[in-house]
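Me: I have a structure open and want to learn how to read its features. Can you take me through them one at a time?

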Amino acid sequence: MNESTATALTEADLSLSGPAQGKMAELVGQVEEEIKGVRVYAAPGGCSGINFGMTFTDQIDVNDRVLECDSFNVIVDNDTMQYLQGVEIDFIDRGDGAATFVFNNLQPMGGGCGTCGSSQGGGCS
């Protein structure tokens, strides 16, 4: 797939703070194989709803949207983008080894099954 067929994202769609851009550029620079960018994805999180993650990717698919940064691309598929509209990805380093990417401005989402932790026995299945 050619990158030219992917839809471009704007900073109104998804943005990265300065620290997040710096850390992603550093991490991308450490990858030895050729990659197209950093893929942000959503995965079912059980009782907690949706979990978000990031991984390097070597392809851009037809249903992807791309945020072009200085030295790398952030790639998000349309299904994940519905949860990330207007989100800012930030990088927090407290200096104690507890560095992490955080997703600011996420819209509230319900839990994964609605009965987790209830006294009715519920539980996710």
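Predicted model: local features only at pLDDT ≥ 70, side-chain atom pairs only at ≥ 80, totals over all residues.

Me: What do the overall numbers for the protein chain say about burial, contacts and surface?

Reply: Buried means under 20% relative accessible area. By that cut-off, 33% of the 125 residues are buried. Next, take contacts with a separation of 6 or more: 56% of them join residues 24 or more positions apart. The accessible surface is about 7400 Å², and carbon and sulfur atoms hold 45% of that.

Me: Now a helix. What span should α1 have, and what span does the model give?

Reply: Helix α1 has twelve residues, 18-29.

Me: Which residues of α1 are buried, and where do they sit around the axis?

Reply: The general idea comes from the helical repeat. An α-helix has 3.6 residues a turn, so residues three or four places apart point the same way. In α1 the buried residues are Ala20, Met24 and Val28. They cover an arc of only 65° around the axis, which puts them on the same side of α1. The face turned away from that buried side carries the exposed residues Gly18 and Gly29.

Me: Which elements do the buried residues of α1 pack against?

Reply: They pack against the strands β2 (14-16), β3 (37-44), β4 (50-57), β6 (73-77), β7 (87-92) and β8 (100-104).

Me: Which residues touch the most other members of the largest nonpolar core?

Reply: General idea again. In soluble globular proteins, nonpolar side chains tend to be buried together. Here the largest nonpolar core has 21 residues, and those touching the most other members are Leu14, Leu16, Met24, Val74, Val76, Leu84 and Ile89. The elements that give two or more residues to this core are β2, α1, β3, β6, α2 (78-84), β7 and β8. Take Leu84 as a case. Beyond its neighbours within four places in sequence, Leu84 is in contact with Asp13, Leu14, Val40, Phe52, Val76, Phe103 and Leu106.

Me: Turn to charges. How many salt bridges does a search of the whole structure find?

Reply: Look for a side-chain nitrogen of Lys or Arg within 4 Å of a carboxyl oxygen of Asp or Glu. The search finds four salt bridges. Arg65 pairs with Asp13, with the closest N and O atoms 3.6 Å apart. This pair links distant parts of the chain: Arg65 is in strand β5 (64-68), and Asp13 is in the loop between β1 (7-8) and β2, 52 residues apart. Both Arg65 and Asp13 are buried.

Me: What about the salt bridge of Asp64 with Arg39?

Reply: Its closest N and O atoms are 2.8 Å apart. Asp64 lies in β5 and Arg39 in β3, so the pair ties together parts 25 residues apart in sequence. Asp64 is buried at 1% relative accessible area. Arg39 counts as buried too, at 12%. Arg39, Asp61 and Asp64 are linked in a network of salt bridges.

Me: And how far apart in helix α1 are Glu26 and Lys23?

Reply: Three residues, which means about one helical turn. Their salt bridge has its closest N and O atoms 3.2 Å apart. Glu26 is partly exposed at 40% relative accessibility. Lys23 is partly exposed as well, at 23%.

How values were computed. Residues numbered from 1 in each chain as written. Heavy atoms only, no water. Helix = DSSP H or I, 4+ residues; strand = E, 2+ residues; numbered from the N terminus. Expected span 1.5 Å × (residues − 1). Buried < 20%, exposed > 50% of the residue type's maximum accessible area, 1.4 Å probe, protein only. Arc of directions from axis to C-beta. Contact = heavy atoms within 4.5 Å. Areas by Shrake-Rupley, 256 points an atom, 1.4 Å probe, with all protein chains shown as cover. Core = buried A, V, L, I, M, F, W, Y, C linked by side-chain atoms within 4.5 Å.
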